[in-house]
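Please read it with the structure open.

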Amino acid sequence: MTNETLFPAPQVSEVTAPYWRALDEGRLMFQRCTSCEHAWLPPRGECPRCLAREPRWETASGNARLVSWVVYHHGYHDYFARRLPYNVAVVELAEGPRLISNVKAVHDMLCIDMRLKLAIEREAGVALARFAPA
Amino acid sequence: MRGNVVIAGIGQTAFGKLPGRGTISLNIEACRNALADAGIEKDAVDALLVKPPTSNPQFMYGQTLAEAMGLQPRVGGAWDQGGAANISLIAFAAMAIEHGQCDIALVCYADNPRTGSRHAYEKAWGEDAAYGWFGVPAGYAMLARRHMDEFGTTSDQLGAIAVAIRKHGAANPHAQLRKTLTLEQYRESPWVVDPLRRDDCCLVSDGAAAVVLMSAQRAKSLGVKKPVPILGFGQGHSSWDVAQRADLTRTGAENSGKTALNMAGLRPQDIDMAQIYDCFTITVLMTLEAYGFAPHGQGGPYCAGGRLEIGGELPLNTAGGLLSETGMPGLQLVTEGVRQMRGEATLQVKGAENCVVSNQGGIMHTHSTLVLGQCE
């Protein structure tokens, strides 16, 4: 059994709170600049392209592609040590932003640029933006 | 300013486990050895530049070290760029010397993650820890996977890099790991984070190194025995975290290499040998591509077939690099480059007139390049 008290829950900040709240409600949100329309994750206060403040939040379609992935065979943290081997992936949303995630699939069938679909899952009570093959 | 500034002395400590030694003590030992090698008295030093210890960064570390060494330098401090900082500090010292800001500079680095804390290399990546995203090897594995799937780079091609470097390290009496590796043994090496195996990953080491810089003119008047001229340097920084990088197989090393080679007036095909930052095998492959030794995506075939070994077309990491000599983040590559240009290396590359050295940090977030010339 995985001990839920060990789970490294996100240290939510003022900037990232809306992101995690939305996930908890079943929506993956990203930020878009109100000035230059650039879209990104993870949440930040200023647009990294034009430096404007106060970006708006948008809900992602959930369509995505797999940029790259790795499979852990070494446990760097007690919570994940019992789950080995597990994957961590870089995923690009259809809208552009990228995030770190996990893909719910047999590792042998993963390949770069494969199409994915959002599959939000709860882990130790925290809603996470995982993905599954589309 | 090509060739106007030289590396006049090099020094190091033993590498491996050095229990009970703090980084100040290790830095001082390396500096003492570098000064003795250059034949310079401590009081002649008027610049002290240090890369902060990776495993235990401290505020005002440059000043703490200067105090411990009884120095009140004209130029001093620490620069945080991860592993790229060694060469960036050498480049800064060279420019400071060229412009009369100082005369004789010490650049040094020490750390003790082996007997101290290796937390810096295994920690979580912020809120992404919730997905199990931990540790430095995983970041490089993410780059490696993209490279392998996009260009057909193979595990055996990464293995060839480890085989070459371990062969060189085995010949180095000061190396922490003096054990050759065959491709068959590499294939049996356990996964750490697939696609990287244990033998793709650098050592974790205690130790220190230091170099002394001065103008070529000053070295001549002081009678420095074997000054090694600095022909070029450059920097380039990817900055973006792995997940946010538009192209996972391209880095700031391209700009860094271009700037340094342009300054040296050399093309990749003019380079005789290399000391390439080998925290992981994929780093070597991607850096060689970025420097123009192989076309983008073709680093795999380039690295296979013994090209990187002594006697090959581009011998590299001739003292064993991070995979075999010491896991120290980068300054040992500079000191081995200096030994080669002096003609004093254990595995001397005959007739080598120049050597390119790479340093980099984070998950290829930062990059710095140095080109050394043969001492006259």
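1. **Conventions.** The model is predicted: local features need pLDDT of at least 70, side-chain atom pairs count only at pLDDT 80 or more, and totals for chains, interfaces and linings use all residues. Residues are numbered from 1 along each chain as its sequence is written, while chains are lettered from A and ligands numbered from 1 in the order in which they are written.

2. **Chain A, elements.** Chain A has 2 helices and 8 strands. Helices (H or I, at least four residues) and strands (E, at least two) are DSSP runs, numbered from the N terminus. Along the sequence the pattern reads α-β-β-β-β-α-β-β-β-β.

3. **Chain A, dimensions.** Along the principal axes, the C-alpha atoms of chain A fill a box of roughly 45 × 35 × 25 Å.

4. **Chain A, burial and contacts.** Of the 134 residues of chain A, 31% count as buried. A residue is buried if 20 or more other C-beta atoms lie within 10 Å of its own, exposed if 12 or fewer, and partly exposed in between; C-beta atoms are placed from the backbone. Take the contacts in chain A between residues at least 6 apart in sequence: 51% of them join residues at least 24 apart. Contact means C-beta atoms, placed from the backbone, within 7 Å.

5. **Chain B, the sheet.** In chain B, 9 strands form an open sheet with mixed pairing, in the order E3-E2-E4-E7-E1-E8-E11-E10-E9. Two strands pair if DSSP finds at least two bridges between them. Strands E3 (75-78) and E9 (274-275) of chain B stand at the edges with a single partner strand each, so one side of each has no neighbour in the sheet. E2(B) (residues 47-51) pairs with E3(B) in the parallel sense over 4 bridges. There, Leu49(B) stands opposite Gly77(B).

6. **Strand E8(B).** Strand E8 (residues 228-235) of chain B is mostly covered, with 8 of its 8 residues buried. Strand E1 (residues 5-12) of chain B runs antiparallel to E8(B) and is joined to it by 2 bridges. Val6(B) has Pro229(B) as its bridge partner. E8(B) also pairs with strand E11 (residues 366-373) of chain B, in the antiparallel sense, over 5 bridges. Gln235(B) stands opposite Ser368(B) there.

7. **Two domains in chain B.** Domain 1 covers 5-117 + 205-228 and domain 2 covers 134-201 + 230-373; the bounds come from an automatic or database domain assignment. Their C-alpha centres lie 23 Å apart. In chain B, 27 residues of domain 1 are in contact with 31 residues of domain 2. H3(B) gives the most to the side of domain 1 that touches domain 2, with 7 residues. By class, that side has 15 nonpolar, 10 polar and 2 charged residues. Ala, Val, Leu, Ile, Met, Phe, Trp, Tyr, Cys and Pro count as nonpolar, Asp, Glu, Lys and Arg as charged, and the others, Gly among them, as polar.

8. **The core.** Which residues have the most contacts inside the largest nonpolar core? They are Ala93(B) and Leu213(B), in a core of 159 residues. A nonpolar core is a set of buried Ala, Val, Leu, Ile, Met, Phe, Trp, Tyr and Cys residues joined through C-beta atoms within 7 Å. H3(B) supplies the largest share, 10 residues. Both domains of chain B give residues to this core, so it lies between them. Leaving aside neighbours within four places in sequence, the contacts of Leu213(B) include Val5(B), Ile90(B), Ala93(B) and Val107(B).

9. **Chain A against chain B.** The contact takes 27 residues from chain B and 29 residues from chain A. H5(B) gives the most to the chain B side, with 7 residues. By class, the chain B side has 16 nonpolar, 3 polar and 8 charged residues. Strand E4 (residues 63-72) of chain A is joined to E5(B) by 2 bridges, running antiparallel. Tyr72(A) has Val193(B) as its bridge partner.

10. **Gly139(B).** Gly139(B) lies in helix H5 of chain B. Gly139(B) is buried, with 22 other C-beta atoms within 10 Å. Not counting residues up to four places away in sequence, Gly139(B) touches Val242(B) and Ile363(B).

Technical notes:
Contact = placed C-beta atoms within 7 Å.
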